Amino acid sequence: GDSVLIMANDNFFKITELFPVGICVIDSTNRIAFWNRLISEWTGKTSDEVSGKILCEVFPHLSGSSFEERIKEIFTGAPPAIFSSQLHGAIIPTYLPSGEPRIQTTTVLPLRIEDEIYAVIVVEDCTELKREVTAYRRMKDSAILALNDKINAEKEGVRANAESNLYLGLISH
């Protein structure tokens, strides 16, 4: 029955344990068929806790959401869907060791195994990338401010020099 199917999928998806992304696979009834090690670490929910449960039972915020609608479309042949936690909120909330939410991109892909279609939910942690981009922007903005300050100081120096020369020219006459 269902437990044999889930076991078969566990073996099928075992390779994802090596991937640097969180993976959740759901079947067409929205039951969690696979939950990889990384998504366990990030969510604090073990595979045993979630396997066989309906995704919206584990994550009630998804119930009635556009994400839930988009997953239904995956099972009817729609193309993969991509969600940003900054635009759509976290589909599967994941956290850093500090407890701070991870910035993530979630991709949902259809996957056919024999006669069954699954939705593979891939959660990619973009927190470090976002930090690097933010740090780069701060550095760039700081450099631009310093450059503008230098340009303004030089302009002020040129203006002061011109006034001084004008003043000296008036005195010498």
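**Strand S1 and its surroundings**

Strand S1 is joined by 3 bridges to strand S2 (residues 32–35), and the two run antiparallel. The model described here is predicted: local features need pLDDT of at least 70, side-chain atom pairs count only at pLDDT 80 or more, and totals for chains, interfaces and linings use all residues. Residues are numbered from 1 along each chain as its sequence is written, and side-chain values use heavy atoms, with hydrogens and water left out.

Strands (E, at least two residues) and helices (H or I, at least four) are DSSP runs numbered from the N terminus, and two strands pair if DSSP finds at least two bridges between them. S1 and S2 form a hairpin with 5 residues between them. In the turn, asparagine 30 has a positive phi of about 70 degrees. S1 also pairs with strand S5 (residues 116–125), in the antiparallel sense and over 5 bridges. Valine 25 illustrates both pairings: its bridge partner in S2 is phenylalanine 34, and its bridge partner in S5 is valine 120.

A residue is called buried when its relative accessible area is under 20%, exposed when it is over 50%, and partly exposed in between (1.4 Å probe, protein chains only). By this criterion 5 of the 5 residues of S1 (residues 22–26) are buried, so the strand is largely enclosed by the rest of the structure. In a regular strand the side chains alternate between the two faces of the sheet. In S1, Gly22, Cys24 and Ile26 point one way, whereas Ile23 and Val25 point the other way.

Elsewhere in the model, aromatic rings come together. Rings of Phe, Tyr and Trp (its six-membered ring) pair if their centres lie within 6.5 Å; planes under 30 degrees apart count as stacked, over 60 as edge-to-face and the rest as tilted. The structure holds 2 aromatic pairs. In one of them, the ring centres of phenylalanine 67 and phenylalanine 83 are 4.9 Å apart and the planes stand at 70 degrees, so the pair is edge-to-face. This pair links distant parts of the chain, since phenylalanine 67 belongs to helix H5 (residues 66–74) and phenylalanine 83 to strand S3 (residues 81–84), 16 residues apart. Both phenylalanine 67 and phenylalanine 83 are buried.

The whole protein can now be considered. It has 7 helices and 5 strands, which run α-β-β-α-α-α-α-β-α-β-β-α from the N terminus on. Of its 173 residues, 34% count as buried.
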